[in-house]
Amino acid sequence: MTSTFPDISISTDRLVLRPFDEDDTQAFTEMMNDEQVMAWTDVPQPFTEREARTWITEYAPTERTSGRGLDLAVTEFLTQRLVGVIQLTRTDWHVRATELSYVVAPWARGEGYASEAALATAQWLFREQKFERIELRTAADNTASQQVAQKIGCISEGVLRNACIARARTAEDGWTEIRTDFIVWSLLPEDIEGVSEELADSGGFGSYSDWN
């Protein structure tokens with residue numbers, strides 16, 4: 001029998017991670033059309049409101065109920081503004097492992113939201129869902145995303161050569177695909193022990209222009 005993630009919300013001091021709803025459509029569309037999101041993810045280009053609505057109402061619920069993954073809207077606790085996405089994919093319920101990725105909206109970068117949301121998700125996965133491994137993959141040139149992985153305690157395991165297709169602007173202001181490497185990171189339950197305290201001692205989550 002296939003296991004599934006519960007329909008849940010996760011709260012931190014500044015953020016609420018919750019299921020998407022149709023009211024998120026416009027902000028989600030704007031976020032996914034950002035230059036940096038286009039460069040480092042495989043979202044359709046351009047990303048239309050219709051595609052956003054389909055993703056929210058069909059793709060995300062199906063991923064959860066099928067047991068493949070979980071998609072959460074990252075919102076500010078005080079303003080309820082959409083500031084990012086946390087996504088779990090390629091979930092293996094026998095091994096208790098999943099792949100985590102994150103996107104932060106351009107209007108919310110520099111606040112450390114990706115690391116805060118990713119750490120909260122990891123804590124929930126390890127403590128409540130009894131997972132044993134989280135994997136992250138970052139493009140070789142995506143240094144901001146790599147800083148997030150390091151900040152939450154991830155360990156670099158190696159490189160998948162030529163495994164990632166990113167995008168870059170052309171001279172004609174279009175997009176072209178470029179092939180690069182993936183850096184593979186892992187996070188185990190023991191890796192996050194004390195991370196919250198270390199972050200507090202160093203002044204919190206800090207400023208990163210984070211996306212993945």
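Modeller: Let us begin with the crossing of α1 and α3, which is right-handed (the near helix is turned clockwise from the far one by less than a right angle). This is a predicted model, in which local features need pLDDT of at least 70, side-chain atom pairs count only at pLDDT 80 or more, and totals for chains, interfaces and linings use all residues. Residues are numbered from 1 along each chain as its sequence is written, and side-chain values use heavy atoms, with hydrogens and water left out.

Colleague: How are α1 and α3 oriented to each other?

Modeller: The axes of α1 (residues 25-32) and α3 (residues 49-66) come within 9 Å and cross at roughly 115 degrees. Angles of 65 to 115 degrees count as roughly perpendicular. The two helices, α1 and α3, are therefore roughly perpendicular to each other.

Colleague: Which residues of α3 does α1 meet?

Modeller: Contact means heavy atoms within 4.5 Å. From α1, the residues taking part are Thr25, Gln26, Phe28 and Thr29. By class, the contact has four nonpolar, three polar and two charged residues.

Colleague: Which element gives the most to the lining of the largest pocket?

Modeller: A pocket is an open set of points on a 1 Å grid with protein on both sides within 12 Å along at least five of seven lines, and lining residues have an atom within 4 Å of a point. The largest pocket has a volume of about 780 Å³ and is lined by 28 residues, with Trp40, Thr41, Asp42, Gln87 and Ser101 nearest its centre. Elements that each supply at least two lining residues include α1, α3 and β5 (97-104). The greatest contribution, five residues, comes from β4.

Colleague: How many charged residues are in the lining of the largest pocket?

Modeller: By class, this lining has 17 nonpolar and five polar residues. Asp, Glu, Lys and Arg count as charged. The number of charged residues in the lining is six.

Colleague: How many charged residues does the lining of the largest cavity have?

Modeller: A cavity is a set of points where a 1.4 Å probe fits but cannot get out. The structure holds one cavity of 30 Å³ or more, and about 40 Å³ of space lies in the largest cavity. Its lining residues include Val74, Gly84, Tyr102 and Ala117. By class, the lining has ten nonpolar residues, one polar residue, and, as for charged residues, none.

Methods:
Axes are lines fitted to C-alpha atoms, for helices over the stretch in contact, and angles run from 0 to 180 degrees between N-to-C directions. Helices (H or I, at least four residues) and strands (E, at least two) are DSSP runs, numbered from the N terminus. Angles under 35 degrees count as roughly parallel, over 145 as roughly antiparallel, 65 to 115 as roughly perpendicular and the rest as oblique. Grid points are joined across faces, edges and corners, and a volume is the space filled by probe spheres set on the points.
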